[in-house]
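My notes follow in the order I looked things up.

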Amino acid sequence: MESAPPRGAGSRFADEYADHRRRKRVYASLFGVAFLACVLAAGITAKFDVLTLVQGLPRTTEFLVKLVPPIGMATFSADVREWYWDINKWAGSLLNTLLMAWLATVLGTFIGGFLSFFAARNLAGHYLIYWTTRRVLEIARTVPDIVWALMFVIAFGIGPLAGILAITMHTIGAQGKLFAEVNENISPLPIDGVRAAGGSWFEEIRFAVLPQVLPNYLSYTFWRLELNVRSATIVGFVGAGGIGHDLFTSVQLLYFSDAGAILLIIVATIMLIDMLSERFRHSAIGKASFAH
Amino acid sequence: MTIRLADLTDADVAAERVRLPGAFAAPLREWLRFWLLWGGSAALTLYCLYRFGFLSMDFLHGVAKFTSVVVAQLFPPSGFDNLPMFLKVMGETIAMALLGTLLGATFAFPLSFVASKNMTRSRPLQFGTRRFADLLRSFDYLIWALIFVRAIGLGPLAGIMAIAIVETGTFVKLYSEAIENLDRRQIDGVTAVGGNGLQRIRFGVLPQVLPMMLSNTLYMFEHNVRSASILGIVGAGGIGFLLADRLRAYELQEACLIIIVLVVAVYAIDWLSKILRERLIGDHRRREPVDDAKQV
């Protein structure tokens, strides 16, 4: 008359823990296998070849070394002047790049900001307006700005105008979406107030919505300006103006030291803009000096 | 003390105006700054409009040409015979994004420990690694692609390397920020029970930072599908090559089909990645986990 001893809570716990561990291990290995399969498939699809890569790396280093011409300590300033022999043209291109980014940011922010009120569920009024605006904004920002640039170059010819329009399109899409999210998070009370006092739709936006959203708008806009400077340096690759055009030509023509000089200008500009933008954004949110 | 509105005299108001000038009008300096900022911005914008030819008739001609030549000829999309080829190249684009992101994450993982203040004692080493990562990050994908196409030739490999290099920079920044924000006490706990350096990282650091790293890596993969789709413009593989080729040859209807393939693929990847993020790490954030989400 022997029966199994009653199982204690401790051993039940041990069993369940082991079970849990086993299940977790199975899931993890399944996931690992799936992941490896993905990577393998990707490697085959993209013809990833370690040999070509290893052979290419010395050439990459060679290329990078050729970007900087020999600069001697004794003849430092003369060498640098020699390196930056075309500085006037490059400085002009850089100015163009910055102004392109500025104009595209302003235009895109105004148009995107205007559309954002129709893309906010709480302000759009009609669902159809909301839905259509959202889709338009999505297309504007999903098509990469350099693709917009290719299309605008067809119509407007080679030059900064095409680049500005391309970056503007992308900015409209991005700002419209971000601003719409800001708009959706506002408090409805001031709107009710304006409506109760007999305000129109425009008065609602002006007196109830804008004061709540302007600081966030400004923060996003500084950030967008920073990103647009980056875009403005590359739309030149397809002929849409800016310093990217100079870079592209010098790389195509194998003028390595010119390419190096321009790359240095670009990197210094991007880093400077990053720093300035960060400081501006903090001060804009902190003191709201733009938003009165 | 209560003040009744009816009792207020002009003299009271004048007295308050002297006592609290800021409550009645913004100080002159604030007004000046406000108008200088806005006025300056407006003037600069007007100058730009003039400089780049927005105010000339040529601009209107361009707009007319854009609607009649580009927009009108994009539709309806055609070239459905080539659709299987487009899909295959789109697959190559996604593969480039996956491998580039993965390589970048692999390079960045060890570097991010060197770049964290709480993991590296040597300040110059830590600071130098951070700046190096910033340097990699500050060139756009297309610029790196241009360099790699020259060095290792046309094709997806150049694109993969371009993505890998930029992402190394981005991930070093993101990962090391995560590492710097971790809770010291778990590492101390592992040390207290006699764990060595590797065990401290495995049991003290990784459990804290891995979810954040995974979430950011997935997010950057999503972002890189967009980047990979344009690298072909400089010859670095992917669907961008076909797209640029068709646009330059004025085959706009086929270009339209490629754009549709691209947009649909980008949305599908976004959707998948969002599901994966939620599944894997319970990342329910609606907004991007990365502070400088570059894609939007």
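This is a predicted model: local features need pLDDT of at least 70, side-chain atom pairs count only at pLDDT 80 or more; totals for chains, interfaces and linings use all residues.

**Entry 1: B:Leu98.** Is B:Leu98 buried or exposed? I get 24 other C-beta atoms within 10 Å of B:Leu98, and the cut-off for buried is 20 or more, so this leucine is buried. B:Leu98 sits in helix 5 (residues 83-114) of chain B. Next I asked which residues B:Leu98 is in contact with, leaving aside neighbours within four places in sequence. The list is A:Cys38, A:Val39, A:Ala42 and B:Phe221. I also checked a distance: B:Leu98 and B:Ala178 are 80 residues apart in sequence, and their C-alpha atoms are 22 Å apart in space.

**Entry 2: B:Phe52.** I went on to a loop in chain B, the one between helix 3 (28-51) and helix 4 (57-74), where B:Phe52 lies. B:Phe52 has 23 C-beta neighbours inside 10 Å, so I noted it as buried. Setting aside neighbours within four places in sequence, I found B:Phe52 in contact with A:Leu103, A:Pro160, A:Leu161 and A:Ile164.

**Entry 3: the A-B contact.** Then I looked at the contact between the chains. How many residues does each chain put in? Chain A gives 50 residues and chain B gives 53. I sorted the side of chain B that touches chain A by class and got 36 nonpolar, 8 polar and 9 charged residues.

**Entry 4: helix 8 of chain B.** I wanted to check the length of helix 8 (residues 156-180) of chain B. With 25 residues at 1.5 Å a residue, helix 8 of chain B should span 36 Å, and its end C-alpha atoms come out 35 Å apart, which agrees. I also looked at burial: 23 of the 25 residues are buried, so helix 8 of chain B is largely enclosed by the rest of the structure.

**Entry 5: helices 6 and 7 of chain A.** I moved to helix packing in chain A. Helix 6 (residues 145-156) and helix 7 (residues 160-184) of chain A pack at about 140°, and their axes are 8 Å apart. That angle makes helix 6 of chain A oblique to helix 7 of chain A. I have their crossing down as right-handed. From helix 6 of chain A, the residues in this contact include A:Trp148, A:Phe152 and A:Phe156. Among those they meet in helix 7 of chain A are A:Leu161, A:Leu165 and A:Met169. By class, I get 11 nonpolar, 2 polar and 1 charged in the contact of helix 6 with helix 7 of chain A.

**Entry 6: helices 7 and 9 of chain A.** At what angle do helix 7 and helix 9 of chain A pack? I read about 150°, with the axes 10 Å apart. Helix 7 of chain A passes helix 9 of chain A in a right-handed crossing. Helix 7 of chain A brings residues including A:Gly163, A:Thr171, A:Gln175 and A:Asn183, and helix 9 of chain A brings A:Asn216, A:Tyr217, A:Tyr220 and A:Arg224, among others. The class count for the contact of helix 7 with helix 9 of chain A is 10 nonpolar, 7 polar and 1 charged.

**Entry 7: helices 8 and 9 of chain A.** I also checked helix 8 (residues 189-196) of chain A against helix 9 (residues 201-234) of chain A: the angle is about 160°, and the axes are 9 Å apart. That makes helix 8 of chain A roughly antiparallel to helix 9 of chain A. The contact takes in A:Pro190 and A:Arg195 of helix 8 of chain A, and A:Glu203 and A:Phe207 of helix 9 of chain A, among others. I count 6 nonpolar, 2 polar and 3 charged residues in the contact of helix 8 with helix 9 of chain A.

**Entry 8: positive phi.** A:Lys47 has phi near 50° and lies in the loop between helix 1 (9-45) and helix 2 (50-66) of chain A. With 14 other C-beta atoms within 10 Å, A:Lys47 is partly exposed. B:Tyr250 has phi of about 60° and is in the loop between helix 11 (239-248) and helix 12 (252-281) of chain B. B:Tyr250 has 12 C-beta neighbours inside 10 Å, so I noted it as exposed.

Terms used: Residues are numbered from 1 along each chain as its sequence is written. Chains are lettered from A and ligands numbered from 1 in the order in which they are written. Helices (H or I, at least four residues) and strands (E, at least two) are DSSP runs, numbered from the N terminus. The expected span of a helix is 1.5 Å times one less than its number of residues. Two residues are in contact if their C-beta atoms, placed from the backbone, lie within 7 Å. Ala, Val, Leu, Ile, Met, Phe, Trp, Tyr, Cys and Pro count as nonpolar, Asp, Glu, Lys and Arg as charged, and the others, Gly among them, as polar. Axes are lines fitted to C-alpha atoms, for helices over the stretch in contact, and angles run from 0 to 180 degrees between N-to-C directions. Angles under 35 degrees count as roughly parallel, over 145 as roughly antiparallel, 65 to 115 as roughly perpendicular and the rest as oblique. A crossing is left-handed if the near helix is turned anticlockwise from the far one by less than a right angle, and right-handed if clockwise.
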